[in-house]
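This report is an introduction for a reader who has not seen the structure before. Please look over the sequence and the model, then read on.

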Amino acid sequence: MAAASASASTQCFNSRLPLTDNYHSHPRHGGSSILRLQLSQIPKSLSLSSSSSSIGGAIERKDHHPQRSSFARTAAVRHLVGSVTTTQGLRFAVVVARFNEIITKQLLEGALATFKNYSIKEEDIDVVWVPGSFEIGVAAQRLGSLGRYHAILCIGAVIRGDTTHYDAVANSAASGVLSAGLKSGVPCIFGVLTCDNMEQALNRAGGKSGNKGAETALTAIEMASLFEHHLK
């Protein structure tokens, strides 16, 4: 029964292929014939996916390697970055807390010096003083809502004392600045020092740890440029 089926399959296969001299019989394989054929003579409808097949005997052919697909080409990814050199026309507000003024004045001086170094004109900078760091957020939000400024610096200094008042003020200052930026849509840069003692604050207001006011100003320039030139 199996032999009859194989013979029928062979006849069906052979009936669809033109017999030429390229088919050779190899009696050395136990009397069964091995058909050797060229790939060019196999109709496309009978192309085989494996390296060999046994239809009425073994058929030897070259391996078929389908063309590998490649990833579709896409447009280059855009990277939007604010510039600290293209500053023409940018306006800034600086909200400064008077509390711990010995620290905040030095932070303000560092910020103003940075603005000058990056070609920000004095007439494009407004400084607004508030009593303490707790009041920075509400002032920043109001300034942002005016539509006059491209970024707002928020400068203050909270130094830990003997009570939990430090935690309340520090947390309120941070959340207030964040809320001001989110509600106004204007970048509000957090430049409030939260230190354990006066020595730490002095080190960050022009001491051995640099001037955080200057760093805040540089961040403000970059964010203002990003919003003005890429995110309008």
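In what order do the 4 strands of the open sheet stand? The order is 5-4-6-7, and the pairing is parallel. The model described here is predicted.

## The sheet

Strand 5 (125-130) and strand 7 (188-195) stand at the edges of the sheet. Each has a single partner strand, so one side of each is left without a neighbour in the sheet. From one strand to the next, the twist averages 15°.

Strands of a sheet pair through backbone hydrogen bonds, either parallel or antiparallel. Here, strand 4 (residues 92-97) pairs with strand 6 in the parallel sense over 5 bridges. Within this pairing, V94 has L153 of strand 6 as its bridge partner, and V95 stands opposite C154 in strand 6. Strand 6 is also joined to strand 7 by 8 bridges, and these two strands run parallel.

Strand 6 is mostly covered, with 8 of its 9 residues buried.

## Helices on the sheet

Helix 4 lies across strand 6 and strand 7. The helix runs at about 175° to strand 7.

Helix 6 (residues 212-229) packs on the sheet as well, where it touches strand 4, strand 6 and strand 7. The direction of helix 6 makes about 160° with that of strand 7.

## A buried serine in a loop

Which loop holds S133? S133 lies between strand 5 and helix 3 (136-145). Is this residue buried or exposed? The relative accessible area of S133 is 5%, and buried means under 20%, so S133 counts as buried.

Leaving aside residues up to four places away in sequence, S133 touches A97, G156, A157, V158, V169, A173 and V192.

## The largest pocket

The largest pocket has a volume of about 230 Å³. Two elements give two or more residues to its lining: strand 6 (151-159) and helix 4 (165-184).

How many residues line the largest pocket? There are 14, and those that lie nearest the centre of the pocket are F99, V158, I159, H165 and V169.

Key: Residues are numbered from 1 along each chain as its sequence is written. This is a predicted model: local features need pLDDT of at least 70, side-chain atom pairs count only at pLDDT 80 or more; totals for chains, interfaces and linings use all residues. Side-chain values use heavy atoms; hydrogens and water are left out. On a 1 Å grid over the protein atoms alone, a cavity is a set of points where a 1.4 Å probe fits but cannot get out, and a pocket is an open set with protein on both sides within 12 Å along at least five of seven lines; lining residues have an atom within 4 Å of a point. Grid points are joined across faces, edges and corners, and a volume is the space filled by probe spheres set on the points. Two strands pair if DSSP finds at least two bridges between them. Axes are lines fitted to C-alpha atoms, for helices over the stretch in contact, and angles run from 0 to 180 degrees between N-to-C directions. Contact means heavy atoms within 4.5 Å. Buried means under 20% relative accessible area, exposed over 50%, partly exposed in between (1.4 Å probe, protein chains only).
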